[in-house]
Amino acid sequence: MIRVLLAEDMHMIRAALTALLRLEPDIEVVAEVTRGDEIVPEALRVRPDVAVVDIDLPVVDGITAAATLLERLPSCRVLVLTAMGQPGHVRRALAAGIEAFLVKDAPGDRLADAIRRTASGLRVLDTELVSSAMQYGESPLTPRESTVLKEAARGASAEEIASRLHLSPGTVRNYLTGAITKTGARNKIDAIRIAEDAGWL
């Protein structure tokens, strides 16, 4: 029996995935979590064979949580669920040692097969997805520019970001301008979109 931890914040999707996996005689969903910061503690508690992790999770993103999980519980393999439009995230995940990916809009029967292959230590890589991921280079953003852009992506104003990071609003605006320039964006919103798609945030 393959023991699975499922990390997905959207209730309907999580319920559908769980229902789908319950039809498989050799797969058991032993835990479900909705936030990235819940993955490692829950995995250490239930000791799954495979963690099926969505990238876009609240509090801690799926890739960061999965990388920590691989360090803390090496016996647990990770299968990342990703959208085709997020090749940069795949690049980040590969760099973190994750070798199994499933595109979210894949047919339902592919999930169980991907879990079985992941559990047996095989790579699960969509060639088109990996090829797209390799088109992105390293992030051109400095750590501070990335932090400021992440805060802006959460909807924080320059004044709020300045307060949180102990900077002046003018310095925050300078970092945002730098991020816009380096990503080749038209404005802050465009810079956030480009950086997120590339997996730089």
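Q: Is R173 buried, partly exposed or exposed?

A: Buried means under 20% relative accessible area, exposed over 50%, and partly exposed in between (1.4 Å probe, protein chains only). R173 has a relative accessible area of 41%, so R173 is partly exposed. This is a predicted model: local features need pLDDT of at least 70, side-chain atom pairs count only at pLDDT 80 or more, and totals for chains, interfaces and linings use all residues. Residues are numbered from 1 along each chain as its sequence is written, and side-chain values use heavy atoms, with hydrogens and water left out.

Q: Which side chain meets R173 in a salt bridge?

A: A salt bridge is a side-chain nitrogen of Lys or Arg within 4 Å of a carboxyl oxygen of Asp or Glu. Here the partner of R173 is E159, at 2.6 Å, N to O. E159 lies in helix α8 (residues 158-165) and R173 in helix α9, so the pair ties together parts 14 residues apart in sequence. Helices (H or I, at least four residues) and strands (E, at least two) are DSSP runs, numbered from the N terminus. E159 is partly exposed, at 43%.

Q: How many salt bridges does the structure hold?

A: The structure holds 14. One of them joins the side chains of K182 and E145 at 3.0 Å, N to O. That pair links helix α9 (residues 169-183) to helix α7 (residues 143-153), 37 residues apart. K182 is partly exposed at 40%, whereas E145 is buried at 7%. E24, D26 and R116 are linked in a network of salt bridges.

Q: Which residues of helix α3 are buried?

A: In α3 (residues 62-72) they are G62, I63, A65, A66 and L69. Seen down the axis of α3, these residues fall within an arc of 160°, so they line one face of the helix. The arc is that of the directions from the helix axis to the C-beta atoms.

Q: What caps the N-terminal end of α3?

A: D61 does: a side-chain oxygen lies 3.0 Å from the backbone nitrogen of I63.

Q: Where does UniProt place the feature "modified residue: 4-aspartylphosphate"?

A: The unreviewed UniProt entry places it at D54. Such annotations may be inferred rather than shown by experiment. D54 is found in strand β3 (residues 50-54) and counts as buried at 2% relative accessibility.

Q: Which residues does D54 touch, not counting residues up to four places away in sequence?

A: Contact means heavy atoms within 4.5 Å. With that sequence exclusion, D54 touches A7, E8, D9, G62, L81 and K104.

Methods
Polar contact = N/O pair within 3.5 Å; in protein donor to acceptor, adjacent residues only side chain to side chain.
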